[in-house]
Each structure stands twice: as C-alpha cells, then as structure tokens.
Amino acid sequence: MTSLRVQSHRTKLERLATAKEIDRLVAIQVRHFRRARGMTIQKLADGLGVTYQQVQKCETGTNRISAGRLALMAMLLGVEIQQLFESASESTPDTLGTEN
C-alpha cells in the first residue's frame with residue numbers, strides 16, 4: 001500500500017514538472033513571436049487589456065497564462081495557438097503568420 005502511495009506521488013510530481021516545462025515553453029514562444037513582430041510588451045499588454053508587468057511576468061514564466069488570454073495573445077501575435085506550444089526550433093520565420 002505504501003508503495004502505491006509513493007508511486008502515485010511521483011506521478012503527480014512528474015506531471016507538475018511537465019506542466020511547468022510547457023508553461024515555460026509557451027512563455028518563451030510568446031516572447032519569440034512578439035519580438036519577431038517588432039511588437040513591444042506595452043503594445044501586447046494594451047491589446048490584452050493588462051499591464052506591462054503582467055505581460056512581462058507571463059513572458060518570464062512567473063505568471064501562468066489562462067487559456068482565454070493565450071488565445072487572445074495568439075490572435076494579437078498573428079499565429080495559430082498551437083505554434084505557442086512548439087519548440088523554438090520548430091518556429092521558423094516561414095511559420096509566422098502575416099498579421100500584425
């Protein structure tokens with residue numbers, strides 16, 4: 001019984017690590033696409049209706065990004081939402097959308 005609890009606890013920790021890694025990847029991608037567009041943090045913040053600091057914290061991974069805000073970010077950045085989940089090596093300039 002104790003073995004089962006330890007195994008269950010490890011599985012939860014592994015899922016948390018994976019979730020944090022995904023959050024970090026999304027944060028990196030948001031910054032990557034924003035910079036590729038020549039967009040300032042303030043301009044993205046204005047489009048989202050949040051403060052500069054909130055976007056900055058999202059980009060550094062300090063704050064998590066809600067699903068709704070993530071969808072709006074993708075739209076403002078002119079990318080498909082799934083592109084925010086791709087590694088930087090998969091996001092080449094030709095995968096960038098054309099919207100500004």
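**Reading a helix pair in a predicted model**

Me: In what order do the elements of the chain run from the N terminus on?

Reply: The order is α-α-α-α. The model is a predicted one, and the secondary structure of its chain comes to four helices and zero strands.

Me: What share of the 100 residues in the chain is buried?

Reply: Buried residues account for 26% of them. As for surface, the chain exposes about 6,700 Å², and carbon and sulfur atoms supply 54% of that area.

Me: Among contacts between residues at least 6 apart in sequence, what percentage joins residues at least 24 apart?

Reply: In this chain the figure is 60%.

Me: How do I read the packing of two helices, say α2 and α3?

Reply: Start from the angle between the axes: 65 to 115 degrees counts as roughly perpendicular. Helix α2 covers residues 41–48 and helix α3 residues 52–60; they pack at about 105 degrees, with 8 Å between their axes. That makes α2 roughly perpendicular to α3.

Me: Which residues of α2 and α3 meet?

Reply: From α2 come Ile41, Gln42, Leu44, Ala45 and Leu48; from α3 come Tyr52, Val55, Gln56 and Glu59. By type, the residues of this contact are six nonpolar, two polar and one charged.

Me: Which residues is Ile41 in contact with, leaving aside neighbours within four places in sequence?

Reply: They are Arg34, Tyr52, Val55, Gln56 and Glu59.

Me: Why would residues three or four places apart in an α-helix point the same way?

Reply: An α-helix has 3.6 residues a turn, so residues at that spacing point the same way. For the case here, turn to α3, where the buried residues are Val55, Cys58 and Glu59. Viewed down the axis of α3, these buried residues fall within an arc of 95 degrees, so they line one face of the helix.

Key: Residues numbered from 1 in each chain as written. Predicted model: local features only at pLDDT ≥ 70, side-chain atom pairs only at ≥ 80, totals over all residues. Heavy atoms only, no water. Axes fitted to C-alpha atoms, helices over the stretch in contact; angles between N-to-C directions. Parallel < 35°, antiparallel > 145°, perpendicular 65-115°, else oblique. Contact = heavy atoms within 4.5 Å. Nonpolar A, V, L, I, M, F, W, Y, C, P; charged D, E, K, R; others polar. Buried < 20%, exposed > 50% of the residue type's maximum accessible area, 1.4 Å probe, protein only. Areas by Shrake-Rupley, 256 points an atom, 1.4 Å probe, with all protein chains shown as cover. Arc of directions from axis to C-beta.
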